[in-house]
Amino acid sequence: MNLHEYQAKELLKSYNVPTQDGIAVENVDDAVAAYNKVAEETGAKFAVVKAQIHAGGRGKGTVKEAPEQHGVEVIKSAEDAQRVAKNILGNTLVTLQTGDAGKVVNKLFVAHDMYYDGPSEREEFYLSILMDRAKKQNVIMYSTEGGMDIEEVAHNTPEKIFKEWVEPNMPLQPFQARKIAFNLGLSGTAFKNCVKFVTNLYNAYVGLDCEMLEINPLFKSSDDKILAVDCKMSVDENSLFRHKDLAEMRDKTEEDPTEVEAGEFNLNYVKLDGNVGCMVNGAGLAMATMDMIKLAGGEPANFLDVGGTANAETVEAGFRIIMKDPNVKAILINIFGGIVRCDRVAAGVVEAYKNLGNIEIPIIVRLQGTNAEQAKELIDNSGLEVQSAILLSEAAELVQKAVS
């Protein structure tokens with residue numbers, strides 16, 4: 001689950017990680033009031049307005065409705081705050097990560113200006129923490145080249161990317177935090193502050209069950225403060241049962257509506273670009289089914305795992321979600337009856353078909369396992385335009401005919 005920048009920074013503060021302060025707003029009037037408050041707190045007229053979307057590249061992104069407007073802008077008056085807020089709020093921001101479709105901006109973060117001391121008096125670094133699955137350890141990646149596209153740095157000058165691995169279930173060791181600060185070229189007070197920052201940041205990563213925590217830029221001010229100017233945080237959804245406060249931070253407007261709907265029925269759904277909708281029980285079987293669809297000459301339109309407790313309600317919900325995709329030319333239901341009985345799924349298919357009314361695209365149902373024969377008989381005798389199969393080869397032939 002991704003969090004907005006302003007949400008991530010509030011969470012980091014609870015772990016004593018210094019961050020750029022600011023105020024999240026949802027309308028123009030509040031943006032102006034936030035600017036006035038920030039100017040009063042800092043004693044300076046400059047502030048920064050940042051669009052809050054789940055995508056990077058906001059500073060270089062442009063607003064569709066106002067192409068001259070970027071997703072991050074320095075302002076120096078209440079009039080600037082009003083203008084920028086009007087240009088961004090409710091409009092679509094397009095960045096390299098959003099693609100041409102962009103994302104609608106519903107919130108802004110009006111933040112303190114961190115660049116008050118001039119470029120010669122400050123430094124920007126990059127630091128992120130994530131799981132290295134190959135080594136089965138958490139890894140801290142960091143670089144002196146912060147505030148820019150880290151992908152380009154890794155590609156063009158890989159020697160500038162440092163990595164520090166941390167043993168599972170072990171805290172970040174003091175010597176590791178010191179090594180990171182040393183490799184960033186820090187000394188004196190800045191060195192000590194960086195050691196504290198990295199240690200507390202790693203504690204936040206573990207304590208919040210993060211999948212990824214990225215600070216870019218990691219900022220050193222002229223008075224040797226070390227703080228997070230920007231923050232991307234992704235939390236492991238499987239851990240939300242012990243983080244009720246984090247679950248409440250979920251912004252469904254940033255997610256695909258069909259994926260949100262699927263989640264309400266405990267369906268694992270990911271939209272793809274193909275022409276064959278598929279509904280399967282089990283992630284492994286779903287992957288094999290998508291391979292089978294491609295071998296048959298089709299392209300999977302989605303990944304949809306109904307799990308081991310498929311029933312009439314979940315099957316109907318799966319149908320509705322798949323049929324919202326106008327590119328779908330056929331639907332393949334592939335169920336292996338282990339925990340779930342095939343005849344129960346077949347009854348659900350028949351019931352869903354009747355409830356949804358006239359379905360014009362071909363539906364192929366392949367059932368195998370517990371009560372598979374009874375399930376096939378139930379579908380064949382239903383009088384509905386549903387084609388049944390027992391073998392994978394049979395299902396593949398039917399899919400090929402449907403999309404050709």
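Me: How do the residues lining the second largest pocket divide into nonpolar, polar and charged?
Reply: The model is a predicted one. In it, 22 residues line the second largest pocket, around a space of about 640 Å³. By class, the lining divides into 7 nonpolar, 5 polar and 10 charged residues.

Me: Which element supplies the largest share of the lining of the second largest pocket?
Reply: Two elements, α8 (257-264) and β16 (268-271), each supply at least two residues of this lining. Nearest the centre of the pocket lie Glu237, Arg250, Glu255, Glu259 and Gly263. The largest share, 4 residues, comes from α8.

Me: Which element gives the largest share of the largest nonpolar core?
Reply: The largest nonpolar core has 39 residues, and those with the most contacts inside it are Leu12, Leu127, Ile140, Leu201 and Met233. Elements that each supply at least two of its residues include α1 (5-13), β10 (123-132), β11 (137-143) and α6 (188-207). The largest share of this core, 9 residues, comes from α6.

Me: How many residues are in the other core, which lies apart from the largest one?
Reply: In general, nonpolar side chains of soluble globular proteins tend to be buried together. Here a separate core includes Leu267, Ala301, Val315 and Ile335. Its count is 31 residues.

Me: Which residues does Ile140 touch, not counting those up to four places away in sequence?
Reply: Ile140 is one of the residues with the most contacts inside the largest nonpolar core. Setting aside residues up to four places away in sequence, Ile140 touches Leu127, Ser128, Ile129, Phe162, Lys163, Glu164, Val166, Leu172, Ile180, Val198 and Tyr202.

Me: Which strands stand at the edges of the open sheet of 4 strands?
Reply: The strand order is β5-β4-β7-β8, with antiparallel pairing. Each edge strand has a single partner, so one side of it is left without a neighbour in the sheet. The edge strands are β5 (66-70) and β8 (103-104).

Me: Which residue in β5 stands opposite Thr62?
Reply: Strand β4 (residues 62-63) is joined to β5 by 2 bridges, and the two run antiparallel. In β5, the residue opposite Thr62 is His70.

Me: Is Ala317 buried or exposed?
Reply: Ala317 is found in helix α10 (residues 312-323). Leaving aside neighbours within four places in sequence, Ala317 is in contact with Phe265 and Leu267. The cut-off for burial is under 20% relative accessible area. Ala317 has 4% relative accessibility, so it counts as buried.

Me: How far apart in space are Ala317 and Val306, C-alpha to C-alpha?
Reply: In sequence, Ala317 and Val306 are 11 residues apart. In space, their C-alpha to C-alpha separation is 9.7 Å.

Technical notes: Residues numbered from 1 in each chain as written. Predicted model: local features only at pLDDT ≥ 70, side-chain atom pairs only at ≥ 80, totals over all residues. Heavy atoms only, no water. Core = buried A, V, L, I, M, F, W, Y, C linked by side-chain atoms within 4.5 Å. Buried < 20%, exposed > 50% of the residue type's maximum accessible area, 1.4 Å probe, protein only. Contact = heavy atoms within 4.5 Å. 1 Å grid on protein atoms, 1.4 Å probe; cavity = no way out; pocket = protein on both sides within 12 Å on 5 of 7 lines; lining within 4 Å. Points joined across faces, edges and corners; volume = space filled by probe spheres on them. Nonpolar A, V, L, I, M, F, W, Y, C, P; charged D, E, K, R; others polar. Pairing = 2+ DSSP bridges.
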